[in-house]
Amino acid sequence: MTGYGVELGLLIDLLELAGLDAFAQVDLGSREHAPQSTEALGGMAGQIMLAAWSRLERQGKIQTFHEPSLRLAQFRRGQNGHEVLIRDVGIGERPPMVTVDA
């Protein structure tokens, strides 16, 4: 997967491939992230939701009547009220490395 869905996609793929016994938790110390705007966090959340949707659909765990939108509408306060900010939050799938010719 691409975008902010990478980690979730990898975790779900590993769970499906190797089972829960393949997981381990380690202490990597601490890391502080720079604060993100609400707009940025909304885009991240949209991509993570699309990753979850993709994996649930692939595993046959959800049945959908329509595909989720790849566009996110957010509202920003402007001088004359609220402005609508619409942007693409779509993610992509990359092939497994073992299938890519060098």
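Predicted model: local features only at pLDDT ≥ 70, side-chain atom pairs only at ≥ 80, totals over all residues.
**Helices H1 and H2**

Helix H1 covers residues 6-18, and its 13 residues, at 1.5 Å a residue, should span 18 Å, a value with which the 18 Å separation of its end C-alpha atoms agrees. After H1 comes Gly 19, a residue whose phi is positive, near 85°. H1 packs against H2 with an angle of about 25° between the two, and their axes lie 9 Å apart. Because angles under 35 degrees count as roughly parallel, H1 is roughly parallel to H2. The handedness of the H1 and H2 crossing is right-handed.

The residues through which the helices meet are, on the side of H1, Leu 8, Gly 9, Ile 12, Asp 13 and Glu 16, and, on the side of H2, Ile 48, Ala 51, Ala 52, Arg 55 and Arg 58. An α-helix has 3.6 residues a turn, so residues three or four places apart point the same way.

Arg 55 belongs to helix H2, which comprises residues 38-58. With a relative accessible area of 3%, Arg 55 is buried, because buried means under 20%. Its side chain makes a polar contact with the side chain of Asp 13 at 2.8 Å, and Asp 13 is itself among the H1 residues that meet H2. Beyond its neighbours within four places in sequence, Arg 55 is in contact with Met 1, Gly 9, Ile 12, Asp 13 and Glu 93.

Leu 50 is also a residue of helix H2, and at 6% relative accessibility Leu 50 counts as buried. When residues up to four places away in sequence are not counted, Leu 50 touches Pro 68, Ser 69, Leu 70, Val 89, Gly 90 and Ile 91.

Thr 2 is placed in the segment before H1, and its side chain reaches the backbone nitrogen of Gly 92 at 2.7 Å. Gly 92 is also one of the residues in contact with Thr 2 once neighbours within four places in sequence are left aside, the others being Ile 91 and Arg 94.

Asp 27 sits in the loop between H1 and H2, where Asp 27 is exposed, with a relative accessible area of 73%. The side chain of Asp 27 reaches the backbone nitrogen of Gly 29 at 2.8 Å.

**Separations in sequence and in space**

The table sets out two pairs, with distances taken from C-alpha to C-alpha.

| Pair | Apart in sequence | Apart in space |
|---|---|---|
| Leu 50 and Leu 15 | 35 residues | 18 Å |
| Asp 27 and Ala 45 | 18 residues | 25 Å |

Key: Residues numbered from 1 in each chain as written. Heavy atoms only, no water. Helix = DSSP H or I, 4+ residues; strand = E, 2+ residues; numbered from the N terminus. Expected span 1.5 Å × (residues − 1). Buried < 20%, exposed > 50% of the residue type's maximum accessible area, 1.4 Å probe, protein only. Polar contact = N/O pair within 3.5 Å; in protein donor to acceptor, adjacent residues only side chain to side chain. Contact = heavy atoms within 4.5 Å. Axes fitted to C-alpha atoms, helices over the stretch in contact; angles between N-to-C directions. Parallel < 35°, antiparallel > 145°, perpendicular 65-115°, else oblique. Left-handed = near helix turned anticlockwise from the far one by under 90°.
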